[in-house]
Amino acid sequence: MAAIYKSGEELMNEVWKTKIYGESVSFWNLGQAGILLKGTEEDGLLCIDPYLSKSIEERDPKTEFKRAFSPVVSPGILRGLDGVLVTHGHDDHLDLASIKEIARVSDSVFAIPAPHISLVQEHVENKYIHAAKDGEPFTIKGFKITPIPAAHTEYETDSLGNHAFLGYFIEVSGIRLFHSGDTVVTPELIEKVKGFRPHVAFLPINGGDYFRTSRGIIGNMSFREAADFSAAVGVDLIVPIHYDMFPNNRENPAYFVDYLFHHYPNQKFHMMVPGERFIYHK
């Protein structure tokens, strides 16, 4: 079982009490790929890929995708969210049970990859749904957001050419953040992210292999690739994600740390436990 730093109302009290000034941003790890971002009071509160239910296990009790730890917060207490970004349609990223509860308690904007809009329309009023498309920037309160394509493990588009898998460039309070979603490394991704040059990058490190692929588990960049990618594009701080939730699709984060130690000893990184806060100052 993973350790949880803070959870429930204690975590949300910390969120509301955290004050951000100047060129800074705070973020909390919600587990898997879930990140909660807070800028200044004017910037607001943004959540990425909230997987805060046990929907996979409830729908299929025999699934091999069983949570290693309980949700750090109930989606019903995420009151006051200004926006939710979803990277793609897999259940641990587009969690309909969480989205339904968040929509019930907050007037949040839900940015959903355009091919998956129909999945959320039953749970969210159309006026709160934003169809996220490659290269089309939009704003949610003080956050400027630009979707870019992700390859999980290939680039996939619908009949209109809209990408089903996305990452997000996020700019707030003078800070540039990149949440990759689920993706492998491609030349196109390196080029785009190198141009953005993020201060902070949230990157998966669980990798992939033949045996997981044969069981329908789609791969991501490995811990080596995440480190090499970050060096190639000029990331200031790496925050690994997507390695802690499912015992059947994990990676030992110590391998990532060891690889950095031997190959990029000056690279900043932070391994977050679920429910932990980090404040990044430029």
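This is a predicted model: local features need pLDDT of at least 70, side-chain atom pairs count only at pLDDT 80 or more; totals for chains, interfaces and linings use all residues.
How much space lies in the largest cavity? About 50 Å³.

**The enclosed cavity**
- Rolling a probe the size of a water molecule over the atoms shows where empty space is left.
- Searching the whole structure turns up 1 cavity of 30 Å³ or more.
- Its lining is made up of Asn29, Gln32, Ile35, Val239, Pro240, Ile241, Tyr243, Asp244 and Met272.
- Sorted by class, the cavity lining holds 6 nonpolar, 2 polar and 1 charged residues.
- Strand E12, residues 237-241, gives the most to this lining, with 3 residues.

**The open pocket**
- The largest pocket has a volume of about 250 Å³.
- Its lining counts 15 residues, and those nearest the centre are Phe65, His90, Asp92, Gly216 and Ile218.
- Here the classes split into 5 nonpolar, 7 polar and 3 charged residues.

- Helix H8 spans residues 253-263, and its buried residues are Phe256, Tyr259 and Leu260.
- These three sit on the same side of H8 because they cover an arc of only 100 degrees around the axis.
- An α-helix has 3.6 residues a turn, so residues three or four places apart point the same way.
- Phe261 and His262 are exposed on the other side of H8.
- What do the buried residues of H8 pack against? Their partners are helix H7 (223-233), strand E12 and strand E13 (268-269).
- At the N-terminal end, Asn252 caps H8, with a side-chain oxygen 2.9 Å from the backbone nitrogen of Ala254.

**Backbone features worth a look**
- Most residues other than glycine have a negative phi, and most peptide bonds are trans.
- Gln32 has a positive phi, near 55 degrees, although this residue is not a glycine.
- You can find Gln32 in the loop between strand E1 (24-31) and strand E2 (34-38), and Gln32 is also one of the residues that line the largest cavity.
- With a relative accessible area of 3%, Gln32 is buried, the cut-off being under 20%.
- His242 has a positive phi too, near 60 degrees, and lies in the loop between E12 and H8.
- Is His242 buried or exposed? His242 counts as buried, at 4% relative accessibility.
- A cis peptide bond links His152 to Thr153, with omega about -5 degrees.
- Thr153 belongs to the loop between E8 and E9.

- His163 is in the loop between strand E8 (143-149) and strand E9 (166-172).
- A relative accessibility of 16% makes His163 buried, since the limit is under 20%.
- Apart from neighbours within four places in sequence, the contacts of His163 are Pro113, Pro115, Asp134, Pro149, Tyr155, Glu156 and Thr157.
- Gly208 lies in the loop between strand E11 (200-204) and helix H6 (210-214).
- Not counting residues up to four places away in sequence, Gly208 touches Gly219 and Asn220.
- Gly208 and Phe165 are 43 residues apart along the chain, and their C-alpha atoms are separated by 17 Å.

How values were computed:
Residues are numbered from 1 along each chain as its sequence is written. Side-chain values use heavy atoms; hydrogens and water are left out. On a 1 Å grid over the protein atoms alone, a cavity is a set of points where a 1.4 Å probe fits but cannot get out, and a pocket is an open set with protein on both sides within 12 Å along at least five of seven lines; lining residues have an atom within 4 Å of a point. Grid points are joined across faces, edges and corners, and a volume is the space filled by probe spheres set on the points. Helices (H or I, at least four residues) and strands (E, at least two) are DSSP runs, numbered from the N terminus. Ala, Val, Leu, Ile, Met, Phe, Trp, Tyr, Cys and Pro count as nonpolar, Asp, Glu, Lys and Arg as charged, and the others, Gly among them, as polar. Buried means under 20% relative accessible area, exposed over 50%, partly exposed in between (1.4 Å probe, protein chains only). The arc is that of the directions from the helix axis to the C-beta atoms. Contact means heavy atoms within 4.5 Å. A polar contact is a pair of N or O atoms within 3.5 Å; within protein, one must be able to donate a hydrogen and the other to accept it, and residues adjacent in sequence count only if both atoms are side-chain atoms.
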